[in-house]
Each structure stands twice: as structure tokens, then as C-alpha cells.
Amino acid sequence: MKNYISKRVSLLRLTNTILAFILFTQLNAQDGIIKGRVFNSLTNEPLPFAAVLVNGTDKVATTDLDGNYEIVGLSPGLYNIEAQFIGFQRLVIYEIQITRSRPAVVNFAMKEAAATLEEVVVSSQTQFEERIESPVSLKTLGINEIQRNPGGNQDISRVIQALPGVASTVAFRNDLVIRGGGPNENRFFLDGIEIPAINHFATQGSSGGPVGMINVNFIREVDFYTGAFPAERGNTLSSLMEIKLKEGNPDKIAGIFQVSASDVGLTLDGPLGPKTTFLASARRSYLQFLFSVLELPFLPTYNDFQFKVKHKFSDKSQLTLLGLGALDQFRLNLEANETPEQQYILNYLPVNEQWNYSIGAKYTQFHKSGYTDIVLSRFMLNNVSFKYFENDPSQLKLLDYQSQEIENKLRVENTYSKNRWTLTSGFGFEEAKYNTFTVNRQFADGFVLNYESDLRLYKYAAFARVNKSFFKEKLALSAGFRTDGLTFNDHMSNPLNQFSPRVSAKWNITDALSVSGNWGIFYQQPPYTTLGFRNGMGDLVNADMKFIRSEHFILGTSYLFPFSARFTVEGFYKGYSQYPFLLIDSVSLANLGTDFGVIGNQPATSTSNGAAYGFEVSYEQKLFKGFYGIAAYTYVRSEFEDRNGNVIPSTWDFRNLVSITGGKRFKGDWEIGLQYQFLGGAPFTPFDVEATGLVVNWDAIGRGIPNFALLNTGRLDNFNRVNIRIDKKWFFENYNLNIFLDVQNLLGQALSGPPFIDAQRDALGNPIIDPNNAKRYLTTSLENSVGTALPSIGLIFQF
């Protein structure tokens with residue numbers, strides 16, 4: 001009996017031990033951790049005894065003497081994290097993902113307030129981060145807003161298309177058309193280092209493409225400017241995208257494996273030493289296999305890599321190294337040659353091979369009253385295209401294009417603050433090289449473009465701006481200037497000809513209501529393709545080019561709600577002058593940029609003028625009780641002069657734009673997001689049927705020739721699109737799993753354009769000569785319709 005009782009007691013103890021272990025494991029598995037550092041954004045000095053709160057919970061922590069904090073015991077999910085410190089503006093970082101597998105690192109760069117030092121500055125105006133120099137036309141997106149965007153497919157450019165003032169183009173490209181400006185008017189920075197190319201198969205002379213290069217798993221947040229550009233950022237007329245990258249995991253090696261309908265990728269991050277972290281990723285597409293199965297006439301393949309290394313020498317000095325690159329190949333699927341649509345595409349589409357890389361280093365030195373950034377970077381683009389008659393290498397080579405662009409850059413930027421005045425100043429220097437070998441027979445009337453060019457230029461810039469708040473931050477003022485020079489000709493070499501002043505002001509009428517404005521003059525260099533164009537004798541044809549000029553006027557008002565929401569109204573006007581006018585096509589460069597290939601490589605003059613103007617209304621809701629969203633309406637007019645000097649609608653004259661994006665998080669870690677987009681009908685230029693049908697033209701060009709005498713006299717129908725994304729997440733102790741369904745154009749809405757003009761073909765696929773005119777082919781028309789549902793199923797495995 002005693003042995004029996006003893007065995008029962010032992011068994012009971014063992015059972016209790018097992019149950020306690022399971023309970024302990026489960027409880028620990030439910031614990032998520034947030035940790036990080038709170039510091040002065042200007043000097044990088046730690047802020048001890050700052051309060052860090054997890055909104056919606058009772059979790060709170062206080063920083064130690066080094067500004068570090070840690071909060072434990074959080075269930076997996078999204079949280080808004082807030083930091084407060086006496087004499088500083090409170091800072092809320094929205095939608096931090098907490099998991100069981102690794103701590104979330106959240107650092108707070110706090111801005112000193114103009115209010116008294118005896119109090120924590122709590123105001124509705126601090127819910128959304130703003131900058132004195134850019135009180136209007138600025139939106140900030142966090143990583144979760146980017147990753148979950150319906151239809152965005154984790155492509156930052158597609159996500160941006162949901163913001164006010166931004167128009168999208170055809171479904172398979174992600175060009176950014178901002179407030180009526182062309183896609184060549186945008187600039188991009190990663191951690192303060194300029195990245196000229198962010199898209200695969202990029203259009204040379206512009207900025208768009210079909211697929212983005214940037215790995216969103218690197219991103220911490222994105223600041224997107226549609227105006228009021230700070231003086232330290234130049235060479236842009238329509239938008240500026242400041243992409244801020246996260247730092248690598250300081251504790252251990254971690255990673256993300258991701259596979260979707262179009263590509264597969266791997267991201268790794270972790271420590272390289274006690275003061276050094278890294279992020280690295282690689283991605284490869286398998287679209288060529290999918291397109292081959294679908295019998296599409298083209299087979300694209302893209303590859304990209306990205307890395308970031310950060311080393312902290314001390315709290316006062318740090319070094320960031322980063323790189324981004326792509327290798328793109330685009331070949332023809334000659335076996336897909338049965339239908340008229342396939343034959344039409346194969347007849348004109350060239351083979352394209354393109355690679356590019358950007359690499360840079362930024363050294364930051366903090367001092368008592370500010371900091372200094374020294375930035376070195378290099379960019380290189382290699383672009384090759386060729387096309388044979390009838391796609392037969394034994395036949396005439398209609399297109400033989402080879403080109404390179406190289407930029408080596410230095411920028412020094414210093415920020416100094418004293419007595420609540422903040423001065424940012426600096427200079428930049430750049431060596432630029434452009435070379436090309438071009439033989440292009442794809443012109444009307446037998447014209448052949450045949451030239452070589454090798455151009456070496458030097459650029460230089462100086463800038464300064466000063467910011468100051470008055471009346472306990474009721475009034476904020478900023479004034480600055482920038483001036484740029486380029487050793488292309490005497491006019492562009494003189495920096496005074498590109499003097500760019502700018503002024504911003506904001507008046508906080510109440511704690512929630514404010515009025516803001518900005519005026520500025522901005523300049524942008526014409527593309528290298530235009531500057532480097534030469535005639536057959538080797539002479540520069542466009543030797544009298546000037547910087548493109550745009551003058552901006554912006555006025556807006558903003559109302560902030562206590563539940564993390566903002567309502568804004570802005571009016572804008574952009575006046576353009578000195579835009580390149582292309583003489584062969586008789587069209588302003590401002591109308592081009594959303595087609596594949598190259599733009600701007602022809603004779604041009606800096607004589608094109610135009611304007612874009614309109615207003616925006618938007619409502620933005622950050623995560624609040626599981627809901628989030630943004631709704632925007634934009635009315636925009638975009639007009640440029642035609643070849644007769646008449647002001648007509650430009651290609652980007654969409655008139656009405658609507659974007660509504662919203663979502664809800666549900667129990668069980670389900671999330672659903674919906675997006676509705678309305679795009680007003682854009683102008684188009686009709687085809688010239690007579691010119692297209694000529695044998696000499698069709699054999700060279702193989703597609704419809706635009707009739708630029710009727711530039712933008714047609715207009716497409718309005719376009720409606722619904723996108724949806726559904727996510728299901730699982731959080732385990734050592735890894736996380738996310739499976740998603742992302743569908744672009746859920747309802748399969750199609751947009752019909754002017755019919756394509758094609759040659760009638762015989763049974764062998766050869767064009768048929770007009771029996772009444774031996775100089776012409778018989779022509780027919782093909783439906784020109786864009787728009788189909790594009791589903792993508794993906795898996796994200798985080799370990």
C-alpha cells in the first residue's frame with residue numbers, strides 16, 4: 001500500500017511537473033518583447049527616464065541612463081508605441097508587429113520642443129510627424145502599411161499610388177504620376193543616399209517600370225513628398241521619396257523566406273560584431289516560366305540584391321554602407337506566334353538586357369549642437385536593346401542600342417541648432433558619364449538615327465535652410481535656397497541661373513487645426529539621353545539645353561482627430577518652363593515616360609511650357625481599434641504647349657482621381673484589406689493610319705505611328721479598379737508564418753484604348769501588299785484593351 005501511494009504521489013508530481021512545464025512554455029510562448037532606445041534626434045544623446053507606452057494596454061517602461069528600454073509580456077499583434085520626455089514632442093510609432101520569435105526593436109528619435117522644459121509636450125499636432133520645412137504635401141508610411149496594401153504586391157511604388165495626388169498608369173507598370181507631372185520628375189533616397197533607379201526594366205530617361213527593386217522587408221518607414229521639397233534635395237519637380245531602412249537584428253541571425261506568384265527571395269539580418277549589424281537579400285523571378293505556359297510572346301526575368309551594413313564607432317559617430325542592384329533580361333517567345341495579337345507584339349518588341357547598381361556610404365558625426373553627414377555614392381546603368389527584321393538575326397538589324405550612365409557623388413550636409421534656430425547647409429559635387437552607341441531604323445520615311453556619344457560632366461550644388469518656431473510652436477517658418485550647376489554649357493554652368501529659393505509656413509490655429517503653405521522654384525536636369533544626343537558628325541545637337549524649371553504654390557489646411565486620424569485639404573499650382581521639346585516627334589518630353597525603352601534621345605530645344613494645378617482632399621486613419629485606412633480625392637489639370645504653341649491637355653490630364661483604402665484586423669490573426677481606385681480618362685494621341693500602312697514605315701517600325709498633329713485629342717474612358725488582400729498569420733516560438741492572397745483588379749475591369757493598327761497577314765504570317773498601291777500594306781485593327789484580374793498567392797516565413 002505504501003509503495004502504491006508512493007507511486008501515485010510520484011506520478012502526481014510528474015504529472016504536475018509536465019503540466020507546469022507545458023503551462024510555462026505556453027505562457028512564455030505568448031510573450032512578445034519590445035525594446036529599443038530613446039534619444040535626441042539632433043545630437044544622438046540618450047534620454048534617460050523617458051516613458052515608453054504601449055497604447056491600448058497598461059504596459060509602460062522607463063528608459064535607463066543610456067536611453068534603453070524593454071517591455072515584455074505582450075501578445076503577438078500590432079501595437080502603437082509612444083514615447084514621452086520632458087521638453088520634447090511626444091512621438092508615436094504606429095503599427096509595430098510583435099511576434100514570439102524575436103524582439104521588436106523600436107528606436108525613438110525625439111525632437112526638442114519649443115515649449116517649457118518642465119512639461120511633456122502633448123498635442124494633437126504631434127500625432128502625425130511633420131517637418132517645419134515641409135508642412136504640406138508630405139505623407140509618412142510605416143512598414144505594415146506598405147506590406148499589407150491591397151494590390152500593392154509589396155511594391156513601394158504601387159503602394160504610393162494610393163496616396164492623394166498620385167495617378168497610376170496601365171496595370172503592368174508602376175510609374176508615379178504626381179499632381180500632373182510626368183514620371184521622369186521623381187527622385188528616390190535610401191537612408192539619405194540617392195538611388196536613381198528603383199525599378200526593373202526601367203525606362204531610360206524616366207523612372208518607372210513594371211516591378212520595383214526595393215525589398216520592403218528592409219523598410220522602416222517612407223516619407224513621400226509631393227511638394228515643399230527640402231533644400232538639401234535637388235533635381236526633382238514632382239516628388240521625393242525618402243525611404244528609411246531598419247537596422248539588422250543586434251542579437252542573432254534572423255531571416256525571411258518569401259515566395260509569391262512571380263518571384264522567390266531570401267532576406268537575412270543579424271550582428272557582424274558588437275557594434276555592427278547587417279541586412280542582405282536576393283530575389284529571382286520565375287515569370288519566364290509562367291509566361292511561357294500562358295503562351296505570352298515575351299519572357300522577362302529579373303534578379304535583384306540589396307544590403308545594408310551599419311557600424312557604430314560610438315554614440316557620436318556611425319557609418320552606413322548600402323547597395324542595391326538588378327539584372328534584367330527580356331527575350332522574345334518566338335513560339336507564341338499564332339494569334340494576331342501575338343504576331344503584332346512580336347513584330348515590334350525588341351530584346352532588352354539591362355543591369356544597374358547603386359552603392360553608397362554615409363558617415364554621420366554627432367556634435368553638441370547637431371550632426372554632419374558625409375555621403376559618397378556611385379550609380380551605374382547598362383542598357384542594351386536590339387531588334388532584327390522579322391526577328392531573324394540573318395536579316396537587317398532595325399535597332400542596335402547600347403548605353404551607360406554613371407554617377408559618382410559626394411554630398412556634405414550639416415545640421416546645427418541653437419536657441420531653437422535650426423540651420424541645415426551643405427554642398428554637393430558629382431562626376432557624371434554618359435555613353436551610347438545607337439543605330440535605330442525604327443522611324444518613319446526611312447530616317448535612320450545613327451550616332452555615338454561619350455559625355456563627361458561635372459555637377460555642383462550648394463544649399464541652406466533655416467527653421468524656427470515661434471509663440472510656443474503656434475507659428476513655424478522655414479526659408480531656404482539651393483543652387484545647382486552643370487558643366488554642359490555656359491548657361492547651365494552658372495549656378496545663379498538655377499537659383500532655387502523656397503519658403504514654408506505653418507500656423508496652428510488650435511491644438512487640432514492648422515493652415516500651411518509653401519512657395520518654391522525647383523530645377524531638374526534634362527535626361528542624359530537628351531544632353532548626349534549627337535549628329536552623324538559627332539557634334540552635340542542639343543548644346544543650348546537648360547535646366548527644366550517649375551514654380552510651385554501650395555496652400556493647405558489640416559485637422560487632427562484624437563483617435564489618430566487626420567483630414568487635409570490642399571491646393572497646388574505648378575508652372576513649368578524650359579522643358580525639352582523633341583523636334584522629330586514634335587512633342588514635349590513632359591508627355592512621355594510610361595513606355596518601355598528610351599525617351600529623349602533626339603534633337604530638342606528648351607522651349608516647352610506648361611502647368612499643372614488642382615486640389616486634394618484626404619482622410620487618413622492610423623491603426624485604431626483594429627481599423628485603418630486612407631481616402632483621397634484629387635482634381636488635377638495638366639496642360640502643355642503643342643508644336644503650334646497652343647496649350648492643350650498633357651498625357652497626365654486625368655482630371656479626377658479617387659483612392660479609398662481600408663482594412664480590419666480580426667481575431668485569430670486574420671486581416672483583410674480593400675482598395676478602390678478611380679482614374680479619370682487620360683488623353684491619348686490617335687494613330688496615323690496612312691503613315692502606318694506605308695511599306696517603308698511598317699517594315700521599320702512594325703506598329704502604329706502616333707499622329708502628333710492630333711496630340712492628345714482623344715480621351716480614354718474612366719477606369720475603376722478594386723484590389724483586395726487577405727492575410728493569415730501564425731506566431732510560433734521560433735518562427736512566424738504569413739500566407740496571403742493579393743488580387744489586383746478583382747472585378748477584371750478593362751480599359752479600352754484606340755485600336756492598334758496591324759498589317760493584314762497571309763497564311764504564313766507575312767504582311768499583304770495593297771493590290772491597289774504597291775507602296776502600302778493592307779491594314780486591320782486589333783482590340784487595345786488593358787485590364788484583367790491579377791491574383792497572387794504568397795508565403796512569408798520569418799525565422
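1. Gln343 sits in helix α5 (residues 340-348); helices are DSSP runs of H or I with at least four residues, strands are runs of E with at least two, and both are numbered from the N terminus. Beyond its neighbours within four places in sequence, Gln343 has Asn337, Glu338 and Arg761 in contact (heavy atoms within 4.5 Å).

2. A word on the model: it is predicted, with local features needing pLDDT of at least 70 and side-chain atom pairs counting only at pLDDT 80 or more, while totals for chains, interfaces and linings use all residues. Residues are numbered from 1 along each chain as its sequence is written, and side-chain values use heavy atoms, with hydrogens and water left out.

3. Now the sheet. Four strands make an open sheet in the order β3-β2-β5-β6, with antiparallel pairing (two strands pair if DSSP finds at least two bridges between them). β3 (60-62) and β6 (91-98) are the edges; each has a single partner strand, so one side of each lacks a neighbour in the sheet.

4. Between β5 (residues 77-84) and β6, which run antiparallel, there are six bridges. One of the bridge pairs is Ala83 with Leu91 of β6.

5. Tyr735 lies in the loop between β41 (719-731) and β42.
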